[in-house]
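Please read the following walk through the model with the sequence and the coordinates side by side.

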Amino acid sequence: MRNIGLLALNVIKDTARRKLFYVVFIFGLAVLALSPLLPSFELGAKAQFLRDISLSMTSLFGIALAVILSVNQLPGEVEKKTIYNILSKPVSRLQYLLGKYLGILATLAIILFIMGVEILVLIYVRLHVFSPLIFQGVFAVFLECAVIAAFCLFMSTFATVPVNVFATMMFYLVCHVKTGFLHDKLVGKSVGVVKVILWPLYYVIPNLEDFNISLQVGYGGGVSWAYLLRVSGYAILFASIFLILAYLLFRRKDL
Amino acid sequence: MKRESTPLEGEHPEDATVVLQNIKKSYRTGFSQQRKVAVEDVSLQVRRGEIFGLLGPNGAGKTTTLKILLGLVFPDSGSGRLLGKPLGDRLSHRKLGFLPEQTYFYGFLTAGKALDLYGKLFGLSHDELVSRSAKLLDLVGLRHDSHLTLDKYSKGMLQRFGIAQALLNDPELVIMDEPSSGLDPVGQKEVRDILVGLKADGKTIFLSSHQLSEVENICDSVSIVNLGRTVREGKLSELLEVEGATRITLAGGGPRVRERLGPLARRIDEQEGETILDVESHATYRVLDAARELGVALVSVQPYRQSLESLFMEAIRESSD
């Protein structure tokens with residue numbers, strides 16, 4: 001457990017060196033730039049709109065960051081050969097993989113939390129509305145990022161960086177249209193060769209729309225704790241599946 | 001191809017720290033995924049407390065052999081043990097120190113922080129880590145540069161840092177890939193002294209090196225690999241000894257000595273007032289008698305040893321034919 005923590009901490013330090021934490025400033029500026037564009041609704045509606053749009057932006061930044069952080073963790077260390085000196089120590093490949101993943105999660109958690117605070121402060125300063133509910137949305141974004149990062153890490157055990165980025169983008173898109181487009185095409189009443197071949201896909205891919213609660217947080221009273229607990233379990237399940245697959249491929253991989 | 005010494009055949013001494021037996025490894029390469037053999041048949045044995053050198057030209061299979069030892073690459077066939085455990089066993093790595101080729105460190109960490117990370121991965125306590133780090137940074141002459149990030153280090157400094165981190169856990173076995181790489185002659189001498197000191201402390205050292213003079217100076221045993229095969233393996237003193245040849249050194253020389261003794265020797269040479277003759281062992285007494293008749297004093301008689309360079313070149317030439 002200690003080794004996993006040490007390796008996770010190293011990922012955070014590396015992220016700091018790569019100045020990826022600066023993304024929170026860019027995010028802050030982007031949210032700030034939105035303020036003058038607010039439609040001339042009444043105060044409450046403005047706050048709702050700002051919450052919704054800021055959360056959507058958080059999701060966009062978070063997913064991009066999850067991919068940037070995960071895509072090159074393994075290939076980068078293999079290419080620079082820094083992995084040799086780590087695995088020659090009493091560190092198992094499972095510890096190495098989990099350390100990397102937890103480091104990515106911790107980095108995402110820090111950055112997303114700061115983004116949440118930025119939204120909270122901005123809405124308060126601009127509209128004098130206190131919206132702590134925003135953190136429900138940020139947490140859901142974090143869960144989605146955790147699934148994306150696990151998928152990306154799994155892909156990185158065998159795919160090149162460009163292939164991995166493309167595959168992760170496809171994964172993100174497909175998992176977001178699961179209940180809409182995919183449902184109609186694969187589970188609906190129409191019959192076809194594509195449906196026969198691809199229908200199992202519908203049941204095995206996660207539904208990432210479950211993590212999109214920007215409307216509920218923006219315009220409603222958020223989601224229930226039971227819902228958050230359910231999607232947390234959902235994220236843990238899929239992240240675990242991808243990490244197990246990653247380990248199975250990485251366990252005997254020649255470096 | 002021949003093997004001068006074959007300690008693995010039918011012999012498994014308990015004091016072997018590293019054993020590799022008939023290791024074979026190939027990789028799939030290119031679009032067609034054709035298999036390229038990196039290691040065809042490598043066997044070696046490193047005894048406890050010795051300095052062992054793995055030699056071979058570029059592409060001979062040294063790096064793959066080293067990676068197999070460290071559990072970074074998995075052999076297709078063959079077997080091996082490291083510190084009594086199967087290859088890749090995490091427990092054996094607790095007693096293992098590894099000096100990689102330089103630049104294999106996190107450049108964003110300072111030397112102090114990097115030692116901290118590596119030491120903690122070995123499970124060292126804070127106190128152990130502090131005292132060992134200070135001692136090792138002193139040993140390699142980096143104490144005053146430990147606050148610099150490793151990406152600011154020169155090649156020689158990185159090599160010194162590498163040695164420090166390899167010794168952090170007070171290892172039983174140290175595996176070193178080109179330990180003198182990037183060091184100036186003074187640095188190379190210091191590294192040699194460190195290795196000899198480690199041996200005196202009872203450590204086993206496995207080094208892969210291109211520097212034949214370094215290996216000849218400090219190694220007890222060597223293994224020469226070429227084209228993925230072990231072509232020579234054994235104790236260096238035995239490998240360098242030329243069977244049936246003796247070296248006679250006489251005080252003085254001149255044309256008279258050369259004329260009389262030259263025909264009796266394989267080779268005759270004069271150096272700093274001494275005559276050196278390499279002769280067939282059975283001709284030793286004839287040469288000594290002739291020297292006495294000439295009134296030339298005897299300095300020494302010893303088994304003739306070839307240089308490691310000539311052994312290496314011969315082994316490579318024979319195995320490449």
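Two residues are taken to be in contact if their C-beta atoms, placed from the backbone, lie within 7 Å. The contact between the chains takes 20 residues from chain A and 20 residues from chain B. On the side of chain A that touches chain B, the largest share, seven residues, comes from H1(A), and by class that side has six nonpolar, six polar and eight charged residues; here Ala, Val, Leu, Ile, Met, Phe, Trp, Tyr, Cys and Pro count as nonpolar, Asp, Glu, Lys and Arg as charged, and the others, Gly among them, as polar. This is a predicted model, in which local features need pLDDT of at least 70 and side-chain atom pairs count only at pLDDT 80 or more, while totals for chains, interfaces and linings use all residues. Residues are numbered from 1 along each chain as its sequence is written, and chains are lettered from A and ligands numbered from 1 in the order in which they are written.

In H8(A), Asn164(A), Thr168(A) and Cys175(A) are buried, that is, 20 or more other C-beta atoms lie within 10 Å of their own, whereas a residue with 12 or fewer is exposed. Because they cover an arc of only 40 degrees around the axis, taken from the directions from the helix axis to the C-beta atoms, these residues lie on the same side of H8(A). The face turned away from the buried side carries the exposed residues Pro162(A), Val163(A), Met170(A) and Leu173(A).

Ile148(A), Phe151(A), Cys152(A) and Met155(A) in H7(A) meet residues of H8(A) including Asn164(A) and Thr168(A).

Terms used:
Helices (H or I, at least four residues) and strands (E, at least two) are DSSP runs, numbered from the N terminus.
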